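Here is a friendly walk through the structure shown below. Keep the viewer open as you read, and look up each residue as it comes along.

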Amino acid sequence: MRAIILAAGRGLRLQQPDKEDFPKVLLNFAGQTLLERHLRLLQGAGIREIVLALGFRHEMVTVQLAGLRGLPNPEIVLNPDFALGSVLTLHAASAALTRGGPVLVMDADVLYNEPIMKALVAGDPSKNRILIDRDFEAGEEPVKVCIKDGLPIELRKKVAPELRYDLIGESVGFFRFSESGARQLAAIIRGYAENNCGNQPHEEAVRDLVHAAANTFEIADITGSPWIEIDFPADVERATREVVPRL
């Protein structure tokens, strides 16, 4: 099993000063960057083949990596079009999707703990896996996963009001794909790149895979576990105040 960490974006919504802004994966909580936390948790899960997809100020991340000791040394791939959608960042790492074996795809800007990592890697490796949290704030910001009869039927920020489902939760931003699922996803993403749809988030490609092969997915419910996606200044404050003490 290998992991792809998507860390190319600029993170404009964090509203950092132009000359001081840095990749969100370098945000520091309680003395550890998100990057270091990812590597430690992946190492603890026995995953040492890690691909780090970078873009904005990527040299800052490589400097950070050089200073880390005792952790996996990730393979670096660069997305020069990082100002567009994250689907192009995952496309830059497409070789890691098609190299064989199960693949984790993870947003870099998530602060989380070991139980969430365990939930991500557990289960049948021949199945794709989505993590959900049923306890989430309403609105159009969270990427929602709608489930009916135990299978995902939607994955999007905005859910059609007429859609009928049994369960809804927020996507944690972490997915596990089987070997065949990863290859299918790579083909879908290639279509986005070739058809000038590079401004889309990678979740749209995952959504296409869900709609094409819902029965290949299993759902892992991590409700109650501490985690947060860091998008806005308020998220940094909440992470420090509420999430870090629970990790």
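In this predicted model, F82 is partly exposed, at 26% relative accessibility. Where do the two residues sit? F56 belongs to the loop between β4 (49–54) and α2 (58–66), and F82 to the loop between β5 (75–78) and α3 (86–92), so the pair ties together parts that are 26 residues apart in sequence.

A second ring pair is made by F175 and F177, with centres 6.0 Å apart and planes at 25 degrees; the pair is therefore stacked. F175 is buried, with a relative accessible area of 0%, and F177 is buried with a value of 0% as well. The count of aromatic pairs comes to three.

The loop between β5 and α3 also holds D81. This residue, D81, is partly exposed at 40% relative accessibility. From D81 to A92 there are eleven residues in sequence and 9.7 Å in space, C-alpha to C-alpha. Helix α3 is also where T89 is placed. Is T89 buried or exposed? At 4% relative accessibility, T89 is buried. Leaving aside residues up to four places away in sequence, T89 touches L6, A8, A53 and N79.

Now for helix α5, which covers residues 114–121. Its buried residues include I116, M117, A119 and L120. Why can they be said to share one side of α5? They cover an arc of only 160 degrees around the axis, and this puts them on the same side of the helix.

What do the buried residues of α5 pack against? Their partners are α1 (34–44), β6 (103–107), β8 (128–133), β11 (167–177) and β12 (217–221). After α5 comes G123, which has a positive phi, near 90 degrees.

Apart from residues up to four places away in sequence, L120 touches L104, M106, R129, L131, F174, F175 and R176. One of these contacts, F175, is also a member of the stacked ring pair. L120 and E203 are 83 residues apart in sequence, and their C-alpha atoms are 17 Å apart in space.

Strand β8 contains N128. N128 is buried, with a relative accessible area of 1%. Which backbone atom does the side chain of N128 reach? It reaches the backbone nitrogen of S178, at 3.0 Å. The contacts of N128, not counting residues up to four places away in sequence, are R176, F177, S178, G181, L209, T216, F217 and E218. Among them is F177, which pairs with F175.

Turning to the cysteines, a search of the whole structure finds zero disulfides. C146 is buried, at 0% relative accessibility, whereas C197 is partly exposed, with a relative accessible area of 30%.

For quick reference, here are some of the residues discussed above.

| Residue | Relative accessible area | Class |
|---|---|---|
| F82 | 26% | partly exposed |
| D81 | 40% | partly exposed |
| T89 | 4% | buried |
| N128 | 1% | buried |
| C146 | 0% | buried |
| C197 | 30% | partly exposed |

Finally, step back to the whole chain. It has eight helices and 13 strands. Along its principal axes, the C-alpha trace spans about 45 × 40 × 35 Å. How does the radius of gyration fit with a compact globule? For 247 residues such a globule would have a value near 18 Å, and the 17 Å of the chain agrees with this. Buried residues make up 50% of the 247 residues. Of the contacts between residues at least 6 apart in sequence, 73% join residues at least 24 apart.

Key: Residues numbered from 1 in each chain as written. Predicted model: local features only at pLDDT ≥ 70, side-chain atom pairs only at ≥ 80, totals over all residues. Heavy atoms only, no water. Disulfide = S-S within 2.5 Å. Buried < 20%, exposed > 50% of the residue type's maximum accessible area, 1.4 Å probe, protein only. Phe/Tyr/Trp six-rings, centres within 6.5 Å; stacked < 30°, edge-to-face > 60°. Helix = DSSP H or I, 4+ residues; strand = E, 2+ residues; numbered from the N terminus. Arc of directions from axis to C-beta. Contact = heavy atoms within 4.5 Å. Polar contact = N/O pair within 3.5 Å; in protein donor to acceptor, adjacent residues only side chain to side chain. Rg over C-alpha atoms; globule rule 2.2 N^0.38 Å.
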